[in-house]
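Hi everyone, thanks for coming.

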Amino acid sequence: MKRMLFIMTYSFIVLGIYAFGKTQETEQLSVALNTQYSKSISDASQKLGELEESVKKSLLFEDEKSSAKEREDVWRLSSDIKASIGALPVNEGFSTSWMNYLGRLGNYAKESTEQGNKDDYYAVMKRASDNLDELSSEWQVATADLLSGDMTMKHWENKLGSNIENEGNWGKMGASIKQYGETVFPLTASESDAQKKKELRNIKDQKISEDEAVQRFKKLLPDVSNDVIAAEPSRKGAPYPFYHIRFSENSSIGYIDITQKGGHILSYLVERRMGKPTKSYEELKKMAAEFLDKADYKDVVLEESRENDVAWHFVFVRVNPENNAKVFSDPIHIKMAKDNGEVLGMDTSEYIRKETLKPQPIRDVNWEEFFRPGVKVMEEELAYVENEQLEQRLAHYLTVVSNDKKPETYKIVVDTDTLEVIKTEKQ
């Protein structure tokens, strides 16, 4: 009995010490996070004021050079405030809108310094200045009681999170920022094109029925389409509505997705046991090209190929008929089995979202003067590539060999109009 009493007493003491230790750890963590959150709020408040001031200063000068420092400060302070906000468990709606607005503001200031119209800059930044004045007032209201330094973690969570009590301040501010972003920084032409591409708005083809999709599947792939398990439309709201068809044939199982508009193969995949390789690379390349032609993908050429133990993976890209330029943003991926040449997989999602290509001049260029002495251009083609502004640019697609002791091969992409080097990639 005494032994049992001793064990119970000892256990209570140990548990008490453990609980006390955990309480101390929790309090220390709370103090540390309290300090961190307070500092982030303070930094964001201070730099928001500095950002507003820098925007106003940049509007004092007529030319870009005179306001270069202020524009650089706008870019830097925007990034700093994003970092401070990112360290807070703040309302998600507000955080998303605020991060987007700051990013667009900073990037606009930086890019307009390098290239931009001074009148456009003044008009945009004048509106941004007015917005920041309003946002500073709303920020002060939302953070008025967050700098006391003695709040509990629960208090921080309630004040910064998406709770009913504080939804008004953050929700209102998030809505304001979103409205300002859409007004001051509307979507650029390239961003608008990217959005249209994502949602497949450019597809003009007629809609086909579910039965027509199944019949198309059987025509293109008769060897595996004899036993269709199920066919169903994609979920409501899909950016590109399609029919999802599942099948099973002997030891093979798989699916094919066919777009409702036009009946294009969106993706295809089959899984089965693989036999011993019998088909050569050249045979499989020819079979892949023939299948794509049969599937009405007639304007593509092979650009890249790679292999594994059981299959060859080919990448075809669309060719613009007007200038024979490859469109790298419009590829088709197709995988061919080495044992019998069967199509094992296919992805055309990027191809069917065809890029909108604009006319572009091709300036004369002397590559011997463009590159260092001894650098040789081994191959030259035309291609459309996407630059940092998400614009499709016509470019010289060059295969270049360096003049080092150990020559290296590079793929270099040069804009045909501006002669800007868009990309350099070592092979």
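Let's start with a pocket. The second largest pocket has 17 residues in its lining, and those nearest its centre are Glu-303, Phe-328, Tyr-397, Lys-423 and Glu-425. Its volume comes to about 490 Å³. Which elements give two or more residues to that lining? They are β5, β6, β7, β9 (376-386), β11 (409-415) and β12 (421-426). Of these, β7 provides the largest share, with four residues.

Please keep in mind that this is a predicted model. Stepping back for a moment, the protein chain has 10 helices and 12 strands. Of its 427 residues, 39% are buried. If you take the contacts with a separation of 6 or more, 56% of them are between residues 24 or more positions apart.

Now for a helix that I'd like you to find on the screen, α9. It runs over residues 281-294, so to speak a helix of 14 residues, and from first C-alpha to last it reaches 20 Å, close to the 20 Å expected at 1.5 Å a residue. Which residues of α9 are buried? Leu-284, Ala-288, Phe-291 and Leu-292 are. Why do they sit on the same side of α9? Because they cover an arc of only 100 degrees around the axis. As a reminder, an α-helix has 3.6 residues a turn, so residues three or four places apart point the same way.

And what do these buried residues pack against? The partners are the helix α8 (210-220) and the strands β4 (265-271), β5 (300-307), β6 (311-320), β7 (325-337) and β8 (343-347).

The largest one has 37 residues, and Phe-217, Ile-265, Tyr-268, Tyr-297 and Ile-334 have the most contacts inside it. At least two residues of this core come from each of α8, β2 (242-249), β3 (252-259), β4, α9, β6, β7 and β8. Let's zoom in on Tyr-297. Setting aside its neighbours within four places in sequence, Tyr-297 touches His-264, Ile-265, Leu-292, Ile-332, Met-346, Thr-348, Tyr-351 and Ile-352. Leu-292 in that list is one of the buried residues of α9. There is also a second, separate core of 21 residues, and Leu-51, Val-74, Leu-105 and Trp-139 are among them.

Although Asp-296 is not a glycine, it has a positive phi of about 75 degrees. Is Asp-296 buried or partly exposed? Its relative accessibility is 47%, so it counts as partly exposed; the cut-off for exposed is over 50%. The other residue is Asn-324, in the loop between β6 and β7. Its phi is near 60 degrees, again a positive value in a residue other than glycine. Asn-324 is exposed because its relative accessible area is 58%.

Last stop, Ala-123. You'll find it in helix α4, which covers residues 118-142. With 33% relative accessibility, Ala-123 counts as partly exposed.

How values were computed
Residues numbered from 1 in each chain as written. Predicted model: local features only at pLDDT ≥ 70, side-chain atom pairs only at ≥ 80, totals over all residues. Heavy atoms only, no water. Buried < 20%, exposed > 50% of the residue type's maximum accessible area, 1.4 Å probe, protein only. Expected span 1.5 Å × (residues − 1). Arc of directions from axis to C-beta. Contact = heavy atoms within 4.5 Å. Core = buried A, V, L, I, M, F, W, Y, C linked by side-chain atoms within 4.5 Å. 1 Å grid on protein atoms, 1.4 Å probe; cavity = no way out; pocket = protein on both sides within 12 Å on 5 of 7 lines; lining within 4 Å. Points joined across faces, edges and corners; volume = space filled by probe spheres on them.
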